[in-house]
Structure formats: structure tokens, C-alpha cells
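Hi,

Here is the structure we talked about. Please have it open while you read the notes below.

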There are 2 protein chains.
Amino acid sequence: MKPIRFALLGCGTVGSGVVELTTRNAAYLAARIGAPLELARIVVRDKSKARKVDPALLSTDADAAIADPSIDIVVEVVGGEDPAGRWLEEALRRGKSVVTANKSLLAVRGPALLSLAAEHKVDLAFEASVGGAIPVIRTLRDHLVADWVRSLRGIVNGTCNYILTRMRDESASFDSVLAAAQELGYAEAEPSLDVDGHDAAHKLCVLALLAYGAAVKPSEVPTEGIRAIEPIDHRFAARFGFGIKHLAVARETKDRSLDLRVHPALVPARAPLASVDGVLNAIAIEADGAGSQVLVGRGAGSLPTAVSVVADLVDVARNRRAGVAGLLTHGLDITRRPLAAPQSQEAIWYLRMRVADRPGVLAQIAGALGKHEVSIEQLVQEGGGGRRAVDRTGTADESRVIVMLTHDAVERDVRAALDYVDAQPFVHGRSLALRVES
Amino acid sequence: MKPIRFALLGCGTVGSGVVELTTRNAAYLAARIGAPLELARIVVRDKSKARKVDPALLSTDADAAIADPSIDIVVEVVGGEDPAGRWLEEALRRGKSVVTANKSLLAVRGPALLSLAAEHKVDLAFEASVGGAIPVIRTLRDHLVADWVRSLRGIVNGTCNYILTRMRDESASFDSVLAAAQELGYAEAEPSLDVDGHDAAHKLCVLALLAYGAAVKPSEVPTEGIRAIEPIDHRFAARFGFGIKHLAVARETKDRSLDLRVHPALVPARAPLASVDGVLNAIAIEADGAGSQVLVGRGAGSLPTAVSVVADLVDVARNRRAGVAGLLTHGLDITRRPLAAPQSQEAIWYLRMRVADRPGVLAQIAGALGKHEVSIEQLVQEGGGGRRAVDRTGTADESRVIVMLTHDAVERDVRAALDYVDAQPFVHGRSLALRVES
């Protein structure tokens, strides 16, 4: 039986997992595919690096691997837009099916790559691009094919979730937990891609492709990270019955525009997402027919991600073997869809501000919120202890913290109210506004 | 474009959902399949019953629908072993692909049906047979194709989960909650299939097919229901930091035999399964590569189940259209596998007994347990209040309750110890033993 041959571009954490799983399970995978799966080439930047793979397979020439007519499938686990984008376009143009874990590439060029795959009647599979081992791409692409996704909320960045979990459990600051996470390898030396929400925004764009057939650019997704969260926010959130999670959210509004955003949010303590801690990822899907679904699993790591890559590889190889490449995403209709106007949506908000401990401050804040149509549902004041008010140079110790939950309020009004409040001399630093997502 | 034609056998709760979803999403499904999907025949028992379907499609003759050469796919949502089994065998033999939601049929004849499908190179898909809207079949069959499932724990019977949840929340007895559930339609008039665990055992057999390639009969699965659970068990479980859930469990033992069982169990209060309440279902999978995964969703209902049926229908129709029927389960190797010897496995146990309030009773019980190699990790005694001991005709009010958690103990030893204890005159009624599953 003629083997199905694949080239592996990249042999780092995920790539070495792919080698391990395809080697270990070779006989079973061959049975499921109907032909042996042959690892034909491993393309790396540096051939001299020590690796547990057959050195005869190693090459530094991606273009040659892609041009090799005996190679059926290209598996890309390098990441980044360039050169991976160029490689995958070339592979698709040459009629090879592609498996990729590259969320940043898909977020920007997903629609173009999907049409290229359709044009050349080959498969493009990307389970590993979102949620590591979680079968969320498969679920959206195939399982909910006859359903309508009302909303989707994902904990899709393990670094953010790990940091928030430790901040909560240890009452520790963002900076100290970030430093610890960097030491443990759970956060990058340059952490911005993760902790400022960009990675989650990439993943949200990939999810929006399948949940809504929507071509959205990461730059169109309002994105906030977790740097503004403080240990007291976890404490107050818990007091109100919530946990704080960094979420990627996609939902259809009443007028069927798409409301996409990435930000930390309060989730009810009893909601399934609230108990997803540490480096775990999860995606909660509300669909019209299926109702609520939650998928929880490891969001990163060598074997968890490789499990998703190899599952795609088997799908793609099986189609290839049967002579029907291109079935996986056949008929997916990716279009530009109207996005909800910025800051146009309503939510219940958690607001936290530090103010000087001075009579009349609360009245002025309540007045400012009221003027902006933001109505307070409940409120807690803490600290102060009778000390004199301090000016803008005062530290947190010398101020009171006011925390509140609002009634439903439009984001634009909340932001305007806080801009006004933050400009007052009795307010210290920047106030925080987090949505309640339930 | 020549349509793909399917016959629907059964048009009850699930069948009407299938009609609704395929009608509502006809254009999109046609795009994904590459051909229109045509509902060619609806086979029902009673044509005169009021239904929201085209009456011209209705028929009472399943055999004629199956024999019709213009029909490509048979979708069966009738349930039960007979005549569904005969129909599906005939359909497969005639080269039609089959989609079924029939767990009791698959539990008994799954291996035979799968080999029939392989022999005739057609697809057999059954996502809706376990977990309603949850994509667990797809996950085990395709997503974890290169992984090794260490264990699988499922809340797969919504009736049991609903009853246990209400018993816990309302401190109510099994009988009263069962009656309420029957009134609400969450339990059948004849509830045994659900509350005695047989339905969950059927589903476990289906899951074992895909997770372990194992042909197991429901009669080989040690099966307990939830009738013996009392409200005090929920209270004590909570005190020890657990919730009580009715689980279907499959795991590989150290000697690679399969340990399969269905029973109520204690799960840690913080574990994802503990928060799966009411009619929700969930499956927690521990896999070697992917790590821990949890899938949560609606376990029953018209549209939730139909979502799974139609997802299968689209897979099967797409393969059919491409001329490659039979790919879905290609190469699945279903064999008889050694099962763990009955009562041979170790666990931590929750034991609850009612005893006469008499001096020395606890010492005798501890002695009996010790003699059977069952060691107590913690113990709580409650009730009694100094009243005199009563004999076997005494009611619960006049006795003490002793509840304990053991250290790891072999089931056979625990059962033998309890048999001995229950035969003592100072023990009232039957003692309860529940595993801790964590």
C-alpha cells in the first residue's frame, strides 16, 4: 500500500510531540487511514541541535520539502506569519493538504488560506491552533454544522489563566506572579502577546471563522489584557459571587452583528468556566439547538497539542488516501460580517476605584455615574479608617476602595463615566471596569 | 446536482428535531455536503398522528424504505433492539450508510454492526447514542485517534443526575424526587432502565467500543443504580468534600485489563464532574497525551440530540457524495478484551451504616472491617442521643448513623466486610458502600 507522506515544518515542543505520536501509533494510524503514514522530511532551522529524531530526515530547506512532489501533506508547527504563510500558500497551490497549529497566521490570513485550499481541492486543518488538546475546531466545524451558535466564551490563553489563578489563590500581585510564571516557563520573557490579550484575540478570530463564517482581523477585536487586575479584585469578585477569568467572547447581537472582544471578566462562581484553573483552557458554547456545551482541557504543551495535530493529520491523510482531499472545510462560507459598533453593547459592570477618604466623594461618584446612565446595583466601600483625604500623590494605603456592580449599562456610558470620575482630584490612579459574563 | 436521499425511521422527539434542523439549514448543509440532502421517507408506526411534517413523506413500511434503491442513508431514531436491529442490518447489507441514536442496540450488537458496515464499505455513525448533544463519539473516534485513553468517567444518564441533584438540593428522598421527576417527564413511568443504571451501562458499552476497541456486553458491566442513596449520603459526602454522581466508568488497569462499571460514586467537590447538575451530562477523559478533558452538555431532548444526529448525517452524506462511504470507522479494531475480575479493584470507599445506639457497636464494626483488610481513614457518628438500642424492627430515628471513608481497599474485601456487618443484630437495614472516584 502506497504510504501517505508528510513533511513536518518545525520540530520544537509541538513538532517533537507529533514525531512521538505518529511513531508510537504507526500501526493503528495506518489502519485508520488505510495506508501507512510516512514522516518524509523534518524541516528545522538548525540541524545541529540535539533531537530524538532520525537525522536523515532533517533538512533546513522548507521550500524543497514543499516542492517535493512525493509529499502529500505539509504539517506546520513553526508559528508566526512569515515565512509560515508563504510556505503554506505554496503547499496549497501545489495541491498538498495542510495541517497547521498557527493561530497568528490563521487569524490574519485564515480566509485567504481557506479559499486557496478550496480552489485547489485540498484540506486545511487547524485543530491545534486554539485550545491545545480541546476538540473545539472539530466541534464547531463538524458537530454543530446544523446548529446556530448564539455565543462562545473561551478561556484560551493558559498564561493569563495561570496568572489569574495564582493571583487569586495567593492574593499576589500581577507583577510577582508574572515573574514566577516566567521562571516556571509558563510565561514568555516578552509576555505581551499573552498578558495583553493578543494571543487570545488571534484565537478568537480563528473561532469566529468556524462559529460564524466571519472573516475578522485581530485589529478589529477590542482587546484588553490582565495587567490592570489586582488581588483585591479577586477578593471583591468572590464576595459578589464571581471569579475573574480572561475571556475571548463572540456573540451575535439582536441585529445579528457580531460582538467580538477579549478582556478579563467576572463569571459566576458556579458557572463551569469559573472552575477552569491554572493552565487549563475551556470553551463554553451556547447554541440554539444543542444548548450549553463546555469543553475543558489542556491548552498547550507538547503532547496535548500534538494530539490535535495528529488527529487532523489522520483526517487529512484518510481523505487523501481515498482521493477526496478538500472535504473537511467544503462549503464553509467565510464572509465579512457586520461587527457590533465599538462600546455599543450592554452589560452588568464591576467597577473598582480608589478614592481619597473625604466626605462627599461617594455622592459625587454616584452623581457622575447617574449622569451617564449608569445605575448602581450594589456597592462596597473599604479601607480609609478615618484617615484624612490625600491628593493624587497619595498611595493606595491612604485611600478607600469603592467597588460596585451596575445594572445593565452600555459600555460607552460606563467608559465616559469613568473617564469623568478618573479626572477628579479625589480619585487615585485609574479605575477598573470589568464586564459580568454569565 | 443529484441529491443525497435519506429515510428517517421514527419521528418522535428526536426524529422531529432531525426534520426541523435539516429543513431549516437545508442550504448550508447542501453546501457542506456538496449536494442537497433530501428527506425521502419518514417511517412511523401510526400515520394518523398529528405531525408537523409533509404527510406525503409518511409511511409505515420500514422494509420498503430500506429496500428503496434511491435511498442512500437510513437514519434510525426508533430505539430498542428489535426491529431496529433487523432494519439496520438490512440497510447496511444493501450498501446504505446508517446513522443511529440507538444505544441499547449498539451496546448489544455494535461490534457486529460495525463489521457489517466495514464489509459493505458504508458508514455507521452514532454520535447521538451517548451524551445527547455532547461530541463525545467524535472526540473518541477521531480526535483522540493517536492517544491512549487511561480512563473515562461519564455522567451519562440525565434522569439519575436530575434525581441526585434534587435529592441533594432539597434533602429529599429518592422516592419523592422520582415521583416529581415522573410528573415533569424527566423520568419514565417504568424508571428501572434509568435509575437502576442499565441505560448508563448501555452507553458505557458504546463508549468502550471507541475508547478501547472493546466488545463488551451490558451484562458484563457491574451495574448499580441510585435507589440506595439517601439524603444523608449527600450531606455526609459534602462534609467530606465530595458530591454524589451516578457514573459510568471505564479504565485500563495496570495489567491492561478493562475495569468497566456503573454506579453512584463520590467525586471531589472541586472536580469538574461535581458541578454538572440536573439533566446535564458530562464525560471526563484522562488520556495519556491530551491529559484531562471534560465535555459537558445536554444529554437528551429533541434538538440537542438531533444536532448530533444531523452532524453524523452530514459526515455520512459528504462521504457518500464523494464516493467514499465507510471512512468514518475505517480501521477500527473491535475485539474482546480481558475484563478486570469482578470486585478485584481497589478504591477509597464511603461506607454508611445504621446501627443500634448501643455501647461497643463501633468497636465490633471496626473489628470486622479490620479483619477484612479494610482500614478506616475517617469516621463520623451521628444521631442516637442516648436512646436505647433497638432491634432489627427499629426505625432509622432510633438508630445511629456511622459514616466513614476508608483507605484504599479491594472491593471484594469491602463487600465481604459489609455482608458480615449487615448480618449482625445491631445493624439496621443494608449498609451502603460507594467508591470515591477522583
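**What I found**

A:Val43 stands opposite A:Ser59 in E3(A). That residue pair belongs to a parallel pairing: two bridges join strand E2 (residues 37–43) of chain A to E3(A). Strands (at least two residues) and helices (H or I, at least four) are DSSP runs, numbered from the N terminus. Strands pair if DSSP finds at least two bridges between them.

This is a predicted model, where local features need pLDDT of at least 70, side-chain atom pairs count only at pLDDT 80 or more, and totals for chains, interfaces and linings use all residues. Residues are numbered from 1 along each chain as its sequence is written, and chains are lettered from A and ligands numbered from 1 in the order in which they are written.

In chain A, six strands form an open sheet with parallel pairing, in the order E3-E2-E1-E4-E5-E6. Strand E3 (58–59) and strand E6 (124–125) of chain A are at the edges with a single partner strand each, so one side of each has no neighbour in the sheet.

Next, chain B. Five of the seven residues of strand E7 (residues 149–155) of chain B are buried (20 or more other C-beta atoms within 10 Å of their own, C-beta atoms being placed from the backbone). E7(B) is therefore largely enclosed by the rest of the structure. E7(B) has two antiparallel pairings to look at:

- With strand E10 (residues 280–287) of chain B, over six bridges. B:Val149 has B:Ala287 as its bridge partner in E10(B).
- With strand E8 (residues 242–252) of chain B, over four bridges. B:Gly154 has B:Ala248 as its bridge partner in E8(B).

Best wishes

Technical notes: A residue is buried if 20 or more other C-beta atoms lie within 10 Å of its own, exposed if 12 or fewer, and partly exposed in between; C-beta atoms are placed from the backbone.
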